Number of protein chains: 2
Amino acid sequence: MDITSDTHSQHISRQFNQELEELKTHLMAMGGLVEQQIQEAVSALLEGDSRLAERVRDNDKAVNDMQLKIDDECTRVLARRQPAASDLRLVLAVIRATSDLERIGDEASKIARNALSLIEANQGAKGVVEVRHISEHVRKMLRDALTAFARFDIELALEVVHEDDSVDSEYASAMRSLMTFMMEDPRAISPVLNVMWILRALERIGDHANNLAEYVVYLVKGLDIRHVDPEELDEAAIKRQD
Amino acid sequence: MDITSDTHSQHISRQFNQELEELKTHLMAMGGLVEQQIQEAVSALLEGDSRLAERVRDNDKAVNDMQLKIDDECTRVLARRQPAASDLRLVLAVIRATSDLERIGDEASKIARNALSLIEANQGAKGVVEVRHISEHVRKMLRDALTAFARFDIELALEVVHEDDSVDSEYASAMRSLMTFMMEDPRAISPVLNVMWILRALERIGDHANNLAEYVVYLVKGLDIRHVDPEELDEAAIKRQD
């Protein structure tokens, strides 16, 4: 190979690596934005701040735009670079991840809209303690899933997958208490329903964070662990696998 | 080009086209299965058939397996064939579509589980008329979206996108009546909540059918219309665009 072409191919490969790095960077920025959306939607509820709730609702557009932009970058990389093996898996994992982050953004926006209804009806809501608790839990899952993605960290990703089960049981227990509140005080039905929708949105966010963690296992190890029961995951084998 | 290599490249291209056709065929099979899951979940509710509800719940695994299989086929096509332009868009649209179909499968399974709770509690549920009506509506959307995908039919896809708005307003109105039932009869709270979860699942199915229709526009025209308000879609321009 002559020197010119060698330099040329090194140049291409450096550019390609840079493009892959940018995809990751943009995904992390999108993740940061949706995490902020969740945090602000819940703060709006807890502090009765209707302007903050409106801002979260209106900011959903920015999340959607980021998805379109990143997906477009992924398509260009696929078309121009025709990546294989782990590079291909990275691009596919980013495409899947933007879809989950976009849906998390939708859920944050639902939380904001339900918070607005509660604030407008001037209802001191039951179940707010549970909302705070579960929201902290799923935000931690989301942060950890994003960190695992950025660092290709399988161990952290598997921790997130296991956390999802405990969010699900916290959610089920919170829903049961809310149903009891409703039965005891039928005037509370409407505001309690708003809180139920908020809890449901948080539970869905936990599911999406779990999906993100599964993509990390896919991109690092090439194993698709979606739809595998966390109890049945052979983690030692996943960590060993190359 | 000598004849041998020409024959070889025709052979490759015929195989490639066949692989793309198979992706579509498998996607349609998955679509048929999830449509049946919705139909049976709703029948189980309407006819109080707990064995049918259990079957739907247990069948969700088959939906998940189909997603993994089709996604794996897509990854192989990307790695081996390195498709460009409309072929690349088809593969990406199939990957996105399996994700929506899998989520529709999850929603059908949720409907089945809520139907089971209602049947076990022996509750003749309020809101069943609305469930029947909205379920027929979203099943039609799903069927049309799949047909539009199979035929690359933009007009039909755009019809589905517009239908989603009317499902959303039927859903909102059904939820309001259910809330009134609850307030009038607090003993009905628990069964009415089951019906609310079922309606919510149906509304989500409509959203996913809408997504499928958007992918058809993407794959045929290369236009990403996700997050565009249906009112603001310039359909004439979409149909003209090449």
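# Salt bridges, rings and helices

Student: In this predicted model, which residue forms a salt bridge with Lys110(A)?
Tutor: Happy to start there. An α-helix has 3.6 residues a turn, so residues three or four places apart point the same way. The closest N and O atoms of the salt bridge are 3.4 Å apart, and the partner of Lys110(A) is Glu107(A).

Student: How many residues apart in sequence are the parts tied together by Arg55(A) and Glu40(A)?
Tutor: These two residues form a salt bridge, with the closest N and O atoms at 3.3 Å. Arg55(A) is partly exposed at 46% relative accessibility, whereas Glu40(A) is buried at 11%. Arg55(A) belongs to helix H2 (residues 50-81) of chain A and Glu40(A) to helix H1 (residues 3-47) of chain A, so the parts that the pair ties together are apart in sequence by 15 residues.

Student: And in chain B, is Lys69(B) buried, partly exposed or exposed?
Tutor: Lys69(B) forms a salt bridge with Glu73(B), the closest N and O atoms being 3.4 Å apart. The two lie in helix H2 (residues 50-81) of chain B, four residues apart, about one turn of the helix. Buried needs a value under 20% and exposed one over 50%; the relative accessible area of Lys69(B) is 47%, so this lysine is partly exposed.

Student: Which residues are joined into one network by salt bridges that share partners?
Tutor: Let's begin with the total: over all chains, the structure holds 34 salt bridges. The network draws on both chains, and its members are Asp71(A), Arg96(B), Asp224(B) and Arg226(B).

Student: Are the rings of Trp197(A) and Trp197(B) stacked, tilted or edge-to-face?
Tutor: A search of the whole structure finds one aromatic pair over all chains. A pair of aromatic rings is described by the distance of the centres and the angle of the planes. For Trp197(A) and Trp197(B) the centres are 5.1 Å apart and the planes stand at 90°; planes over 60 degrees apart meet the cut-off, so the pair is edge-to-face.

Student: In which helices do Trp197(A) and Trp197(B) lie?
Tutor: Trp197(A) is buried, with a relative accessible area of 12%, and Trp197(B) is buried at 12% as well. The pair crosses between chains, and in chain A and chain B respectively the residues lie in helix H6 (residues 189-221) and helix H6 (residues 189-221).

Student: How many residues of H6(A) are buried?
Tutor: H6(A) reaches 48 Å from its first C-alpha to its last, close to the 48 Å expected at 1.5 Å a residue. The helix is followed by Gly222(A), whose phi is positive, near 75°. H6(A) is mostly covered, and of its 33 residues the buried number is 31.

Student: Over the ring of which residue does the charged end of Lys24(A) sit?
Tutor: Chain A has a further case to look at: Lys126(A) lies over the face of Phe181(A), at 4.7 Å from the ring centre. For Lys24(A), the charged end is 4.3 Å from the centre of the ring, which belongs to Phe152(A).

Student: Which residues of chain A does the UniProt annotation "domain: PhoU" cover?
Tutor: The annotation comes from an unreviewed UniProt entry and has two spans. One span is 94% helix and 0% strand, with end C-alpha atoms 27 Å apart; the other is 93% helix and 0% strand, with ends 28 Å apart. In order, the annotated spans are residues 28-114 and 131-216.

Student: How many helices does chain A have?
Tutor: The C-alpha atoms of chain A fill a box of roughly 80 × 40 × 20 Å along the principal axes, and 53% of its 242 residues count as buried. From the N terminus on, the elements run α-α-α-α-α-α-α. With zero strands, the number of helices in chain A is seven.

Notes. Residues numbered from 1 in each chain as written. Chains lettered and ligands numbered in written order. Predicted model: local features only at pLDDT ≥ 70, side-chain atom pairs only at ≥ 80, totals over all residues. Heavy atoms only, no water. Salt bridge = Lys/Arg side-chain N within 4 Å of Asp/Glu carboxyl O. Buried < 20%, exposed > 50% of the residue type's maximum accessible area, 1.4 Å probe, protein only. Phe/Tyr/Trp six-rings, centres within 6.5 Å; stacked < 30°, edge-to-face > 60°. Lys NZ or Arg CZ within 6 Å of the ring centre and 35° of its normal. Expected span 1.5 Å × (residues − 1). UniProt positions renumbered as here; feature names shortened; annotations may be inferred.
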